[in-house]
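Here's a quick briefing on the model you're about to see.

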Amino acid sequence: MIKLIINDIAIDVKEGSTLLDAATQLGLEIPTMCHNGELEHFTSCMLCLVKDGKTGKLLPSCSAKAFDGMEIITSDDEIREARKIALELLMSEHAGDCEAPCRVACPAFMDIPMMNRLIVAGQFQQALEVVMKDIALPAVLGRICPAPCEGACKRKPIDQAVSICLLKRFTADQANTYPAISNSIPSGHKVAIIGAGPAGLAAAFYLQTNGIQALVFESNPLPGGAMRYAIVNAELDKTVLDHEIDHIRSTGVQFNPDTKIDASAFTTIRNEYDAVVVATGNYSKSMDDWGMENNGKQIVVNKNTYQTSLDKVFAIGNANRSMQLAIRSAAQGKDVAISIKQMLTGKPVKGEERRFNSTLGKLMTEEHSEYMKEGSKDERQAPAGFSDKGFDAHMAQKEAARCLHCDCRKPNDCKLRLYSEQYDVSKKRFAYTGRKPVKKIFQQDVIVYEPGKCIKCGICVRLTAKHQEKFGFTFIGRGFDVEIGVPFSQDLDVALGKTALLVADACPTGALCRLD
Ligand code: SF4
Ligand code: SF4
Ligand code: SF4
């Protein structure tokens, strides 16, 4: 047996063990990407670096053998920085979007490509569920949102953006009943919301469906705020608004109409409720003596959590910045529910935490045809009489089929994304201009290979060799230009007859993905 010390803990390991084996035996987690326990070593990603405590040398733990008397350190600032650099180098030549650009541009971060896929599959109710995870008023916003998502749509420079907003509206309009967004077990907490516009309604909906009793105070006789009192009927039929407010009410949200809140009522509410959300619309001078820090035009808030200077008081929508889009106010309503839940459950209040996101940027002209491999060639569908008529099911499916599915197929399993998050990676640090054009290579209905997302770990090369594929994958080219590919330009169907799904599952990034 070999005796060594890892992070001041003595351990005995079998002869021939690697430092990674030894650390794993101790239950320590070392990040790896090119390592695969079933395959021969092939050190390439340099993420598993650890430090020899006696020499100070950094060693790749997946291949460095354990020796008697070694003293190994698996984590310190220098190791962390070395791993971060390794990731940033990989990221510098990485070509891919973790999240679709339309989703990133949507203030509510709605999963647009998923909605589109479900519409194409005829699963309209499931598509509405996806929408309502992020948007509490889909039929209303499907009519009045100026659709910043469509401005970012990758289909836009090819011909015309996908008609995302009308598709969202379709999911709501086609539904006889709205999905029963799971009501958590009541927590016993109650939150007051002042104002029943898009921000206040969304906050109430997401608090209530998270088990927190929401009570909305509204100065007008009916809820809806600007959506009811500032938008004309021709643009937004108020029966649509009433229908969606009824749904919010049906989740258990309580409304107190005709209730004007002044400084003394505000103090009473603060004392009676576990939290208060100020969603009053534009800030007014009369709110000066409510006690929140303000700059005369708006309430000052923490931009991530919407906390104000007063304990347990949050401010969203136009109250913290005037002239916001309704969708932005509604998105803040969703996000403030997250902050309040964190506070009420004793967690650090951080607001919604967005994941690391690799972005591809503008498409090159030669990439258009690659992206079009995943979308129908049809032109954008335009329903006659836009303002009063949305898509029927046939048009919606035709339009959704135009989506190019720009999101990555492994957003949750990709190790490159996961570690980039953990190591706070910047994609810009080693960025260079002139990335290689994106290619998408399909094995019909089975897998897709995107070389731009490949980190050249060689796992697929070793796997196809182990399973004796006639062609398999191989390294093509040299040095910086090396690529993983199929020898003799064979099709993937021929090259990966036995191992297509195996390599897709083993690939540590979204370079090789299943199509199911
Ligand atoms: S391969 Fe990973 S890092 Fe790259 S786009 Fe996909 S999820 Fe993001
Ligand atoms: S093509 Fe689809 S996934 Fe891509 S940006 Fe447009 S709507 Fe989003
Ligand atoms: S395609 Fe092959 S070499 Fe590239 S990241 Fe995936 S498994 Fe590794």
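Ligand 1 is surrounded by 14 residues, and Gly-96, Cys-98, Cys-408, Cys-414 and Gly-510 are the closest. Keep in mind that this is a predicted model.

**Ligand shells**
- Sorted by class, the shell around ligand 1 comes out as five nonpolar, five polar and four charged residues.
- Ligand 3 has 13 residues around it, the closest being Cys-454, Cys-457, Cys-460, Cys-507 and Ala-511.
- The ligand 3 shell contains 10 nonpolar residues, two polar ones and one charged one.

- β3 (residues 49-52) pairs antiparallel with β4 (residues 58-60) through three bridges, and Val-50 sits opposite Leu-59 of β4.
- Across to β5, Asp-52 has Ile-72 as its bridge partner.

**Leu-404**
- You'll find Leu-404 in the loop that links α15 (393-400) to α16 (415-422).
- Leu-404 counts as buried because it has 24 C-beta neighbours inside 10 Å, and the cut-off is 20 or more.
- Setting aside neighbours within four places in sequence, Leu-404 is in contact with Lys-154, Arg-155, Tyr-371, Glu-374 and Gly-375.
- Glu-370 lies 34 residues from Leu-404 in sequence, with 9.6 Å between their C-alpha atoms.

Methods: Residues are numbered from 1 along each chain as its sequence is written. Chains are lettered from A and ligands numbered from 1 in the order in which they are written. This is a predicted model: local features need pLDDT of at least 70, side-chain atom pairs count only at pLDDT 80 or more; totals for chains, interfaces and linings use all residues. A residue is near a molecule or strand if its C-beta atom, placed from the backbone, lies within 6 Å of it. Ala, Val, Leu, Ile, Met, Phe, Trp, Tyr, Cys and Pro count as nonpolar, Asp, Glu, Lys and Arg as charged, and the others, Gly among them, as polar. Two strands pair if DSSP finds at least two bridges between them. Helices (H or I, at least four residues) and strands (E, at least two) are DSSP runs, numbered from the N terminus. A residue is buried if 20 or more other C-beta atoms lie within 10 Å of its own, exposed if 12 or fewer, and partly exposed in between; C-beta atoms are placed from the backbone. Two residues are in contact if their C-beta atoms, placed from the backbone, lie within 7 Å.
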